[in-house]
There are 4 protein chains.
Amino acid sequence: MALKGSQVAEHADAESCWGKAYDVTEFLPDHPGGQGVILKYAGRDATRAFDPVHPPDTLGKYLDASKHLGPVDMATVAAEAGEDDPDEAERRERLARRPLLSQCYNLFDFEAVARRVMKRAAWAYYSSAADDEMTMRENHGALHRVWFRPRVLVDVEKVDFSTTMLGAKCSAPFYVTATALGKLGHPEGEVVLTRAARSHDVIQMIPTLASCSFDDIVDARRGGQVQWLQLYVNKDRDVTRRIVRHAEARGCRGLFITVDAPQLGRREKDMRSKFTDGGSHVQAGQDTDTSQGAARAISSFIDPSLSWADVPWFRSITAMPIVLKGVQRVEDVLRAVDAGVQGVVLSNHGGRQLDFARSGIEVLAETMPVLRERGLDRGFDVFVDGGFRRASDILKALCLGATGVGIGRPFLYAMSAYGQDGVERAMQLLKDEMEMNMRLIGCASVGDLHPGLVDARGLFVHSNPTPVDALSSTVYDPLVVPPQRPKAAKL
Amino acid sequence: MALKGSQVAEHADAESCWGKAYDVTEFLPDHPGGQGVILKYAGRDATRAFDPVHPPDTLGKYLDASKHLGPVDMATVAAEAGEDDPDEAERRERLARRPLLSQCYNLFDFEAVARRVMKRAAWAYYSSAADDEMTMRENHGALHRVWFRPRVLVDVEKVDFSTTMLGAKCSAPFYVTATALGKLGHPEGEVVLTRAARSHDVIQMIPTLASCSFDDIVDARRGGQVQWLQLYVNKDRDVTRRIVRHAEARGCRGLFITVDAPQLGRREKDMRSKFTDGGSHVQAGQDTDTSQGAARAISSFIDPSLSWADVPWFRSITAMPIVLKGVQRVEDVLRAVDAGVQGVVLSNHGGRQLDFARSGIEVLAETMPVLRERGLDRGFDVFVDGGFRRASDILKALCLGATGVGIGRPFLYAMSAYGQDGVERAMQLLKDEMEMNMRLIGCASVGDLHPGLVDARGLFVHSNPTPVDALSSTVYDPLVVPPQRPKAAKL
Amino acid sequence: MALKGSQVAEHADAESCWGKAYDVTEFLPDHPGGQGVILKYAGRDATRAFDPVHPPDTLGKYLDASKHLGPVDMATVAAEAGEDDPDEAERRERLARRPLLSQCYNLFDFEAVARRVMKRAAWAYYSSAADDEMTMRENHGALHRVWFRPRVLVDVEKVDFSTTMLGAKCSAPFYVTATALGKLGHPEGEVVLTRAARSHDVIQMIPTLASCSFDDIVDARRGGQVQWLQLYVNKDRDVTRRIVRHAEARGCRGLFITVDAPQLGRREKDMRSKFTDGGSHVQAGQDTDTSQGAARAISSFIDPSLSWADVPWFRSITAMPIVLKGVQRVEDVLRAVDAGVQGVVLSNHGGRQLDFARSGIEVLAETMPVLRERGLDRGFDVFVDGGFRRASDILKALCLGATGVGIGRPFLYAMSAYGQDGVERAMQLLKDEMEMNMRLIGCASVGDLHPGLVDARGLFVHSNPTPVDALSSTVYDPLVVPPQRPKAAKL
Amino acid sequence: MALKGSQVAEHADAESCWGKAYDVTEFLPDHPGGQGVILKYAGRDATRAFDPVHPPDTLGKYLDASKHLGPVDMATVAAEAGEDDPDEAERRERLARRPLLSQCYNLFDFEAVARRVMKRAAWAYYSSAADDEMTMRENHGALHRVWFRPRVLVDVEKVDFSTTMLGAKCSAPFYVTATALGKLGHPEGEVVLTRAARSHDVIQMIPTLASCSFDDIVDARRGGQVQWLQLYVNKDRDVTRRIVRHAEARGCRGLFITVDAPQLGRREKDMRSKFTDGGSHVQAGQDTDTSQGAARAISSFIDPSLSWADVPWFRSITAMPIVLKGVQRVEDVLRAVDAGVQGVVLSNHGGRQLDFARSGIEVLAETMPVLRERGLDRGFDVFVDGGFRRASDILKALCLGATGVGIGRPFLYAMSAYGQDGVERAMQLLKDEMEMNMRLIGCASVGDLHPGLVDARGLFVHSNPTPVDALSSTVYDPLVVPPQRPKAAKL
């Protein structure tokens, strides 16, 4: 028998909370997003808020069958009003007047459009990073400390930038890396990325925290299209084994174990965007439960005790190549080689975890000379991500020795702004830039790229200028260009 | 017999000046704040101005009993009008609309709120620093030249960041350092910090120049709460001995002798905020008495002749561990070790003394390798303060070898903006960040932190860019993102 | 018989396209500017758009005679309306009020005026550069990392900065380098530069992509005036041989083969300025033909297979000195020496090709010590261009070992703003600065310049500061200068 | 017989030009300020424009008696109208409301006030520098790359910063360096500086290009006050000998020969401020006579052929200590030692001559280790100037080995804003800062200062950041502090 909305509404507190006819009471402290958001919607229809954040199979997967109270008669449920964000009308106006897709000439352009047309909370979730967001910005900035030493007079009539990652051929040396909550940006979510990746013969890494279900994303695959699985390791290793084996069975060709997130980072831009004055802040000094709650919760979904000792077990449960995602120092790369995995992703999680973690490109430049010196650079794939926006950025990484480069947010922004067309154009722009830049540095194929084509000496320098001299700069009277002449007086 | 206000008013000049029925005439040239401020209030009720700046026991402590003329019949005194600051109404409006405490996500947020809601002069006193305030800003900026080299795949399920300072256990590797004039920010003054420190099991250093009396601050202590004494050394060593012995008797567990202030620094922001056109500026060229006066005055309150030769005497009068606060070069750290003290604070006084003094973090990075090389890093506590705002800042110092980190202004700002709740939340935020960041750099306890976890090579670089090229930057036409399309004309 | 406009208009599509009575159908995919622009004007009078971009002999030169359909009766052609740019009236107003020429004191001033008075698309074409325009700006910025170590007490009453390039005497160590499409800036195009160069006895390099025909530019030469030819190498070597031999026959005294442009760079500022909503963007995701088309097209006009193996052939077809323009690394300079050419231009094409290519001045500083060490610096001319705006910039290059410095955009801007007078004044200003600066560094002739007169140690440093700390800089309250006093109230 | 104005007016052209009854026709091409300004006033009363720029004895000194046509009957002369600068009323308003002198806390404050209250052309003359004004700003900026390594626990009760320069005692390690045209800033001109210097026992260097006559400035001297002479060497060595011997006879105790100005620099800010549309710009392209004229003119007033060979002659004509002012590289310092002079001023003329000359402080840091190594640092005075604004700046130079520091513009600004009172306060502020900073770096006397007290490793680094990434910085959404809450709606 379908439950009535009023029955559900009776259970809207932390003692007994039903959501969509599930009893999530025991689950509350384990919710990775904190219990606040569940309580907010408890006893009401949470579909609208739930959807972009969770795949359809989430509750069935993580809640015991005993917690399923049965279907609810939706007609009896108090409708959750659309958020009456006063800015929403303006956003729709901006959306209507967004630039034509053909006016987007580079990956930044998609970000600019996405910032204008996305809902504020979605933008905040995608764009935010840890603490002062230094690492997020350093990621792109570090690439500016690498300059080219191009060769001239090389026959570059035919340029081929296809390459091989984990043994799979792909059309370009970049891949779609895993990012969470695709439905925040587009109602169809990650499958949009799958389709675009297919059009361009680009590899996609499927995220654990996708909005679409894993199977939906795999179902969207066509032909020989290559997909990998990104994995957050659950404390319950049975859950983990089930996920990994299912992915392998469904044809995933690489397992990327995230190792830089024993706890999810604090992202203040995101927190600030979510803040609403719920009236519960009377005892403001006590109001730090949230973060403690989240910290505890994570310990079941993402196992903070994961360690090098677990690596052999992973090798035992799958034949997929294993790559450690989020390695950040050469010592750990060497350890990964010793542990027998097939590769690493030098990544700081897009700056979303540890602020002041170094950029992937810097760790790459630290790593490759050591690997080369020890003869370990062959047969071990070193990927890198974070801050890559131009084909020239990607080429710098390849010159320094990377196998491939992950692109995350830019494709999300392109998807959020223009859907699948947007993602495809973003990929095409990267390819156009890639072809041109390969020619301009004098390389006809990826195999021609080598460290002598870049000057990366400045990469390791972390400097900042002495503080601005407020008085001195106030009193300085800057030079000006010649002024226009005044309008001639009429006679 | 109570004096009449009119009797007091007769003595309002530098020849004979009574304040609140004290004869401070002889004291005038010794007043650390300059004689101008005393003369301003002479013959009137100075309570309102006196209170935030001096503990209640000040006059009794520093003026001979013979100067006490007796109580004044307050009804006969011309009331000092509240400052009719035209901005005060706006400030109250800002105060009423300050953000909720739960909207503060980091230590900067408290500073932002404090700046809006504090009285202008109080803000100026707290926020100002020496000369061009370069060192104050360099303090935080220098931390940005240190980047992490985090370890992954370490079991960090349980993270413990408690530690030991001068033999005392505490819950976190930071302490409340000494800052003056707490009542400028909060009517209750330093005891607010004491109570918050107690809630969080954090050590407090009691300032010589507190607004609350020393005993009030000690009385606010509970249980095993640890307090230290910060000491400005008076020229009269009997006064100094009395203060030190009293502190020890009252249970203080560390003596921090300030060595970076033989003269108090010039803080122009503070000076400018205090400026009022008193009509006495007719002979403007002669108007430099103020600073000369202050310089002379200091010589009795803070002894500029204090030297290494005095250290043995301090060791003779107390059993408390002795720490030299304000050491700024490795040579002096080595000398401190030789002098047999228990530690140093590498500090530049929050940038309030010598501008272009280097940051504490830089001096730390200069110091620790030398101490380690000579085997002197064990059993000698090296503290550091100045510019620390994030747990990641603190962790950088600990990685480089610091025992603990002093936090000053941020807690004052939190107190000024939100009282004890504010300070507690500030501490909790630091702890939340600390737990997260310990996990993310792969360390389960303070003992795991070591120099290999940071890249501090850039720390010693003091550079600034070539001057801005005004003409070149004027004529450059920067790239833009795609524009919105014009509104479609109505049909 | 003259064709009628209506007959021409019938062929306005990609299947059959006549322009001005040429059948350009087969030529469409080869058009270096893409086929879109031809189709836009097909069947209409394209003269107004065609003129600034192509010399009058273009169609005869590149289209087979069979494609010439005969003259069109212009009276029967639909006139292409003047672009009704809404900003055009404002531009004319700005033009009318531009500063007097005598108010221009340096080369930036011309750029400032040109930016105000040029048509938007022309400005965009001249001022744009590749990708993020980093290299374009780095070109000038790099010069700011070189500082002088001047000598004093040297007799500099007479200063002589004339010099010799490729064996030809000239009055100053700079030359007019090749830049395309001069008629975008001035209706007479490149001959304006020729006349100004003659006035100042400065060498001019004639561009392949000039708006004026090659012969017109040569015809404008007077007396012993020296001209060089800049060459894009056509895939059809017969065309190339014809062009080179013609230039030699007409008296050109140097052949500069462009080697940094196997494909023309993407210049987004230019693309954005050209964008018009043509209504054809329905399938926006497919809209990347443009760039693919351009890429293919270039392969006939600028041969991307050009390589070191072609150099001997060039030496076989001409007696002119051969210089490779666009060399960007010392290894290739050495190879050029081995290949027997007479010099190189260290250039990145004004930042218009590969973004993050290093500046010419940096490559110069990398190159000359190696040449000197091997004794190869005599009899081999090393030119440099990119970002030079001041005589001091030029002197830095000469101190480091350059033979001469190419100036491109500044003369275009001077021409666009003030015609021949503008270019002459620009040259005179450079000479005035040159005389003064030679005196001030203590050198009476170009032969006295040497590396010891500059400190170029910073030149190789590519750094950027740690990201801006948004929160910290928001909460910092900067120092201010003393405020004005309020207006005294009236009595 | 007095000439009538109309007679004078008849000679107002370059063929025959009388000014104030002088025939300056032959002199025209030699006028250091160019002939334009003379012609502008020819035949009219030039007193108002002439006065601030020339001492009263100028015409008698430089024009042969034969050119003196006699006094003019001023009543018959067309009065030169006061400049009807539309901004003048606003300037007077700003002057009336300038801050009180006691609100100036540092040397920048005087500059801020001067900028507001000075006439535009006067401000432009004082504040301008060569070309892009890079060196002028680098001068101060370079000091920011030197940081202190202060000593603590040193007895600094008594601080003595008096010192000795060229054998003369003075109260502080700075002096008033020579600057031209004092009457532009104050109607009394340089004697104001003389009086202030006397009050503070500070040495003054008298400029060749003073507005006051040399004798007036010497006459303003009192008691043992020390003055030096700054000398531009005239091509006519008899004139030079006469000037030097006169200075020695009048008691000058040092001869500072300017060696960095074989030609006066181009100062575009000054040129732009002077520009008036005189209607003579019809043939704008030919309008470069000005600079050529100036260049030629200089050759008589400032001898560009002055060289090391002239030094012995100077030693032969005077017993004053000789110092070369404007030396800019260690090689030339060594040569000065060899030449037997008593010292050098490491100076770039306040950035007014060669742009991209290095700062004095940098040349000092390059020089002193070499002098010390060769034992040449004793008995040879090394002065430095350029960009010094704080006592801490001066102390950095002294630590690095300077004998004394010249201060120029700041005293001019103080004089322009507040007259003698201003200059005295400026000097007192420097002394107050000096006393404090000596204490804070732990030095009781100038003799205690040494290189170990500073970290100057960054001084030689000339870097600039990679260009601003316009797109990336546009799309980045910066973190914000918590917003104020909205005003509560009324009930």
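**Note on the chain packing and helix contacts**

1. In chain B, helix α6 (residues 107–117) packs against α18(B) at an angle of about 165°, and their axes lie 9 Å apart. That makes α6(B) roughly antiparallel to α18(B). Axes here are lines fitted to C-alpha atoms, for helices over the stretch in contact, and angles run from 0 to 180 degrees between N-to-C directions. Angles under 35 degrees count as roughly parallel, over 145 as roughly antiparallel, 65 to 115 as roughly perpendicular and the rest as oblique. Helices (H or I, at least four residues) and strands (E, at least two) are DSSP runs, numbered from the N terminus.

2. The model is predicted: local features need pLDDT of at least 70, side-chain atom pairs count only at pLDDT 80 or more, and totals for chains, interfaces and linings use all residues. Residues are numbered from 1 along each chain as its sequence is written, while chains are lettered from A and ligands numbered from 1 in the order in which they are written.

3. Back to the helix pair in chain B. α6(B) passes α18(B) in a right-handed crossing. A crossing is left-handed if the near helix is turned anticlockwise from the far one by less than a right angle, and right-handed if clockwise. From α6(B), Leu107(B), Phe110(B), Glu111(B), Val113(B), Ala114(B) and Val117(B) take part. Their partners in α18(B) include Pro410(B), Tyr413(B), Gly422(B) and Leu429(B). This contact has 11 nonpolar, two polar and one charged residues. Contact requires C-beta atoms, placed from the backbone, within 7 Å. Ala, Val, Leu, Ile, Met, Phe, Trp, Tyr, Cys and Pro count as nonpolar, Asp, Glu, Lys and Arg as charged, and the others, Gly among them, as polar.

4. Chain A holds the corresponding pair. Helix α6 (residues 107–117) of chain A and helix α18 (residues 409–441) of chain A pack at an angle of about 165°, axes 9 Å apart. α6(A) is therefore roughly antiparallel to α18(A). The crossing of α6(A) past α18(A) is right-handed. The contact of α6(A) with α18(A) divides into 11 nonpolar, two polar and one charged residues.

5. Now the interface of chains B and A. Here 56 residues of chain B are in contact with 60 residues of chain A. On the chain B side, two or more residues each come from α8 (134–143), β3 (147–148), α18 (409–441) and α19 (470–475). α18(B) gives the most, with 12 residues. By class, the chain B side has 22 nonpolar, 14 polar and 20 charged residues.

6. How are chains B and A related? A rotation of 90° with 0.0 Å of shift along its axis superposes chain B on chain A, with an RMSD of 0.0 Å. Within chain B, Pro465(B) comes closest to the rotation axis, at 4.7 Å (C-alpha). Only 16% of the interface residues of chain B are also interface residues in chain A, so the copies meet through different surfaces.

7. Chains D and C come next. Chain D can be laid on chain C by a turn of 90° and a shift of 0.0 Å along the axis, with an RMSD of 0.0 Å. The two copies are thus related as by a four-fold rotation axis. Of the residues of chain D, Pro465(D) comes closest to that axis, at 4.7 Å (C-alpha). The copies use different surfaces, as 15% of the contact residues of chain D recur in chain C.

8. In that interface, 60 residues of chain D are in contact with 56 residues of chain C. At least two residues each come from α6 (107–117), α12 (268–274), α13 (289–301) and β10 (322–327) of chain D. α6(D) has the largest share, four residues. The chain D side has 27 nonpolar, 17 polar and 16 charged residues.

9. Helix α17 (residues 391–400) of chain D is mostly covered, with 10 of its 10 residues buried. A residue is buried if 20 or more other C-beta atoms, placed from the backbone, lie within 10 Å of its own, exposed if 12 or fewer, and partly exposed in between. Gly401(D) follows α17(D) and has a positive phi, near 125°. Thr177(C) sits in the loop between β6 (174–176) and α9 (191–200) of chain C. Thr177(C) counts as buried because it has 27 C-beta neighbours inside 10 Å.

Notes
Two residues are in contact if their C-beta atoms, placed from the backbone, lie within 7 Å. Copies are superposed by least squares on the C-alpha atoms of residues with pLDDT of at least 70 in both.
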